[in-house]
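Student: I would like to learn how to read a few features of a protein model. Can we go through them one at a time?

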Amino acid sequence: MKFKAAIIALVLAALLIGCSQVEKGVSEVKETKEVKELLKVGEMWNIRGVDPAKRGTLPKEKAMIVECLVEANPDFTLKPGLAESWEQIDATHWRFHLRKGVKFHDGSVMKAENVKWSIERALKDPTIKSLTKIKKIKVVDDYTIDFITEEPYAAFPATLEYSKLAIVSPNSEMDENGVIIRPIGTGPFKFVKWDTATETLYLEGFDDYWKAKPNLDELVIKAIPDPASRAVAVEKGEVDFTCDVPYGDVERLSKEEGLNVEIHSTARVYQLTFGSLEGTPYEDVRVRKAISYAIDRKAIAEKALHGCAEPAYGIILPTLWWANKNIAGYEYNPEKARELLKEAGWVDTDKDGIVEKDGREFSVTIYTYPQRPGLKPMAEAIQAYLKDIGIKAEVRVMDWSAIKKYMGKEDMKLSAYHLTMVPDPDYYLRKTYHSDGSYNSWGYSNPEMDRLLEEGLKTFDLKERKKIYDEVQKIAIEDVPLIHVAFYKVVVVYKDYVKGFEFNPVAHDYMLNPEIYIEK
Amino acid sequence: MVRAMLNVGISFYFRHNSIISGLFILAFLIAMVVLSPLTADPTKIDLHNNLHPPSLEHPFGTDNLGRDVFARVVNAAKIDLAISLVIVGLSAIIGIAIGLISGYYGGLIDKITICLIDIFLALPELILALVIVGALGPGLFNSALALVALGWVRYARIVRGSVLSVKERQFVEVAKAAGINDLGLIIRHILPNVISPVITIAMLHLGHSVLSLASLGFLGLGAQPPTPEWGTMLNEGRVYLREAWWLSVFPGLAIMLTVLSFTLLGDGLKDALNPKSRRIAYG
Amino acid sequence: MMGYLLKRLLMAALVVMATSALTFCMLSASPGDTAEVIIKKILVGEEEYSPTKQEIQTVKDVFGLNGPAIVLYFRWLWNAIHGDFGCSYVSGLPVLKEIVARLPATALLALTSTTLSVLITIPLGVLSAARQNSLLDYACLAYSAFFISIPSFWFALILILIFSLYLDILPVAGFGSLAHLVLPSITLATGMSAVTTRLTRSSLLEVLGQDYITTARAKGLNENTILYKHALRNALIPVVTIVGIQMGHLLSGTVIVETVFGWPGIGKLLADSIEVRDIPMIQGCVVFIAAMFSIVNLLVDVSYRLLDPRVKYGEGNA
């Protein structure tokens, strides 16, 4: 009997402790509610860290704790950030002039050594090193810093916009492994607390922000990885702002009182690639064009993806400065598709609905992966459209690491590429279209294209570069070595008392801006 | 008076009918599977009719690609049941073999087997399955593999126990004296005594397998779309929970009914085959 | 007793070690170089990135992935024994610290669910056995069969559908108030109580059929006294065992329930880590769960031996 009593006491004690933890969290949120101008954001990813060098997007784009040397406009043209200006000394030598008098959250002034420290820290990640191609960093004086790149790299300034290269103060608190746990940055919001149990980040406005004091007094970012929960949270007011709610909720939420639903196109593109362009049916450009004509991009965007995609007739999102707006692309035309297939020798001789050539059926497998919710329905829709023109397709969804093992030369893959990890066309275009490009596993090779891309890398005059990349896009659409289906659209939902939000497609998911204010 | 009659009626039903209830549901499921070719095409996409609620044309509604949910649920039955049967069959074969050898021969083999059994039983099954499938890569094959690798243990333990108790009995001594070899002894004399607990366990294991398979599917690690599988369908339907409740209700109902039938069958068999427990009627 | 305890502790340690080895084997045998996975899923976060050989080598150096799997495993084991479970690939923070941070959430859920389960089981089981074959009895049996068969994730979805989305009286998911605790613990408690109710009932029935009960009845003792003072006490012994085992299985159940309800506990941490192949975290979680499971089993076994007079006084058994 005593044993039982002991157990009951233990259980009660544990419950009390647990509940007090919970109550503490609740009262903290209640407390901040009394202060004016608080924005609560529902974040879609788990909050696993605040170190910019490791988890860049959260501290830079969402929590606005840190900033980068370079910033980008919504059309992907560059503008000064923490660096007022920059110039090129020679092909591999860049000089950046830092803004004077920018204060860190602890009051210290940002100087070139801090910049060097931050960036060198980030360079420990080998992918950042390959991205920026930085060979050496030199501090010239307190407000001037030089970067030497490994080779002439016109896209270099754009790479400094990448969130993991944000500038953070060496005074930031770090744990025993050098991982920053309390970042001190230059951004409009100061780090206050990170509650790992509830995955919530608490921030407050930084009065001495170099641009202007932010309108909000407090900012709370709460991780809500489940899309349905995010939708309910913003409806009920548990959060004021969130992103990527379930497709099925978009229509309903847009009709609801008191909520703004914005669907914005991003530069992330859904693309269909071929296993190989050598020794397969895809060798013939007519076959590739046929497939491109066969896909009803509008129906897919509107129906299969519930309006959360924009049909892609070009490669780059048309609102971006780098996009070649004079390309027609492939409008939905199944008749033309069938014709082209016939021209290429694919005919349905045995009338079974599937075309053949030289006795072989045109039968393929479309591979895709589960991480992006739009991919599966898109792949299945494409399967149906291909069937319509006589190509038999099977859809298989698997982890992308497994796709490499299973995918054959004659198969296709549907993926979602972030066209611009950095706001420069070189990153994606060269990797995809150059014969040595690291994405180009399907063996596309066009000497003219190669020449153009190499030149684009070394041409530093913006207008000249635009001309080059316009030509690149033109050839890319003519040759159609891979098919672009649609641009990924992000859904942002927020209460109508939240004002001043400006969407920027440069963001990885969504980017908050310090002009946001609450009007109740 | 009416109450008494009701009591008698229900008591009669339950006393004899856990098996019958189970069989009834199972028959219904099998009928679904057999009649599945008559349903609509589970892979036919109709983007303009997506997310429609249940209607005469689509008794369970349509999913986000316009596919008929009823057809998908029924076709998923084929997959879930078939794979579960395979899992149980393989686990049983491996488990019985190991149990027989270990129990009969004893010695080092037995000691190792006991150790293995204890280790496996001491671990939470779903967690291990998660890690195995997570490492090997998601898919039906890997899920089945993981569940077999974890499933043989329950058979080995029971069989070994039975073998140990049968081994000492008189008729074995007699048979040995008559000169029967080991294999013959195992197969003709020991095995039949061991079969009845195995069948009961297998039945419950079937239900458990369907649940585990669906759980893995729900976590995104099991069957991959467009293969219809109940757990995977629940995972896909989750995003539309509010808009399209039918995507989340029917596949789950199917899982529940299937597992229920196997559970009832297992319970009923346990009572039928084990006279001692009949007194208690359940449990 | 001491000897038994020692033997059990050793066994538990062996089990946990074996689990860690198994997990490690599986993770090393997976398709795709681990370094490549780290680059794609964690560093860059873009599935399509093609890492160069140099990048892969740097990552291997930084994350300590050079060498055969066996060597890496023993290095991990050596560190683990000294309390260093490494750092998460995702956050760079120590694994142990992250697990401990999420422990209260899981513990709260586990304890609440178990308490609820016991509160359902005991009355249900007792009433069911006391009035065997009555309508109430069959209702309880139906409850049992129903909740054993229902998939927990489906039940969770149905609860969300009804209580959060339609009736709007409880939150959908998350953590932060008592309201958030309701649905997840009900989901877990119903599953657990389904099994334990049946066992309580059958155990109680078995005890009620015993000779000493018949004797007590013959002596003229009140039925209730018999039920509570004699039968229940003895019947509870195997039930304690089952509750203990159920607490262990709870740990598996929490992975699903925490994932569905976004409950920031260890189960969800494990599920998330598996998705991005955060090997140190997976190892840490699995070892932790296996250890908890073993400890609970051990405690249950020990209390069983303490409670059961037959075992206590009958030396050399089991």
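Student: Where do C:D272 and C:K268 lie?
Tutor: Helices are DSSP runs (H or I, at least four residues), numbered from the N terminus. C:D272 and C:K268 both lie in helix α11 (residues 266-276) of chain C. They are four residues apart, about one turn of the helix. This is a predicted model: local features need pLDDT of at least 70, side-chain atom pairs count only at pLDDT 80 or more, and totals for chains, interfaces and linings use all residues. Residues are numbered from 1 along each chain as its sequence is written, chains are lettered from A and ligands numbered from 1 in the order in which they are written, and side-chain values use heavy atoms, without hydrogens and water.

Student: What do the side chains of C:D272 and C:K268 meet in?
Tutor: A salt bridge is a side-chain nitrogen of Lys or Arg within 4 Å of a carboxyl oxygen of Asp or Glu. Here C:D272 and C:K268 form one, at 3.4 Å from N to O.

Student: Is C:K268 buried or exposed?
Tutor: Buried means under 20% relative accessible area, exposed over 50%, partly exposed in between (1.4 Å probe, protein chains only). C:K268 counts as buried because its relative accessibility is 9%. C:D272 has 23%, so it counts as partly exposed.

Student: Which residue forms a salt bridge with B:D63?
Tutor: B:R67 does, with the closest N and O atoms 3.0 Å apart. Both B:D63 and B:R67 are buried.

Definitions and conventions: Helix = DSSP H or I, 4+ residues; strand = E, 2+ residues; numbered from the N terminus.
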